[in-house]
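Hello,

Here is the structure I promised to pass on to you. Please open it alongside this email, and then read on for what turned up in it.

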Amino acid sequence: MPAAATARGFTLIELLVVLALMALAAGALPMAFARLHEGAQYRASVRAALDAMRGARLRAMSSGAEVRFIVDLQGRRFGAEGAGSYTLPEPLEMHAVMAAQEQGTNGQEAFMAVRFLPQGGASGGSLDILRPSGNGVRLRVDWFSARVQQEALQP
């Protein structure tokens, strides 16, 4: 007589544990992707602001004419004068501090600006780009050298 055949396969409890683990993983994925998406938007926004500020500085020095980096806080846009503007994605916030003579209205929209001079100076100012958590970056334009510096902000 042959030996008793051993049962092969999974028990019901093992199958339920695997299904529960899969459900937990599927529930955590949207949150992880949302954080990744917000992080990508933040990095792209900081990169766009740095590129626009540094581009305005270089254009002013090479063309011999003043170039303004304009910030529209209400419209959530920024960019160098004469170039395209960048719209800040919705979960991010921005704050700006700029010279009083560089603030005004353009029709209905209020704006702030940093003026880059052909000799290498600037009117100075800073632009903060913040994540929903409150941390972010401050892009500071030195009035004497017009160099753009980046510093981390903590909540």
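Predicted model: local features only at pLDDT ≥ 70, side-chain atom pairs only at ≥ 80, totals over all residues.

As general background, nonpolar side chains in soluble globular proteins tend to be buried together.

Setting aside residues up to four places away in sequence, Ile129 touches Tyr42, Ser45, Val46, Ala49, Leu88, Glu93, Gly136 and Val137.

**Val148**

Next, have a look at Val148, which you will find in strand S9 (residues 148–153). Is Val148 buried or exposed? Val148 has a relative accessible area of 10%, so it is buried, the cut-off for buried being under 20%. Apart from neighbours within four places in sequence, Val148 is in contact with Leu50, Met53, Arg54, Arg140 and Val141.

**Salt bridges**

The count of salt bridges comes to eight. In general, side chains of opposite charge can pair when their charged atoms come close. Here are some of the pairs to look at.

Arg131 and Glu38 meet through their side chains in a salt bridge, at 3.5 Å from N to O. Because Arg131 lies in the loop between S7 and S8 while Glu38 is in helix H1, the pair ties together parts that are 93 residues apart in sequence. Arg131 counts as partly exposed at 22% relative accessibility, whereas Glu38 counts as buried at 18%.

Another salt bridge joins the side chains of Arg68 and Glu81, at 3.0 Å from N to O. This pair links distant parts of the chain, with Arg68 in strand S1 and Glu81 in the loop between S2 and strand S3 (86–87), 13 residues apart. With a relative accessible area of 18%, Arg68 is buried, while Glu81 is partly exposed at 31%. What else does Arg68 touch? Beyond residues up to four places away in sequence, its contacts include Gly79, Ala80, Glu102, Phe111, Ala113, Val114 and Arg115.

Arg138 forms a salt bridge with Glu151, and their closest N and O atoms are 3.9 Å apart. Here, too, distant parts of the chain are linked: Arg138 is in strand S8 and Glu151 in strand S9, 13 residues apart. Both residues are partly exposed, Arg138 at 23% relative accessibility and Glu151 at 31%. Arg138 and Glu151 also belong to a network of salt bridges that links them with Asp128 and Arg140. Arg140 is one of the contacts of Val148 as well.

Enjoy exploring, and do write back with any questions.

Best wishes

How values were computed
Residues numbered from 1 in each chain as written. Heavy atoms only, no water. Contact = heavy atoms within 4.5 Å. Helix = DSSP H or I, 4+ residues; strand = E, 2+ residues; numbered from the N terminus. Buried < 20%, exposed > 50% of the residue type's maximum accessible area, 1.4 Å probe, protein only. Salt bridge = Lys/Arg side-chain N within 4 Å of Asp/Glu carboxyl O.
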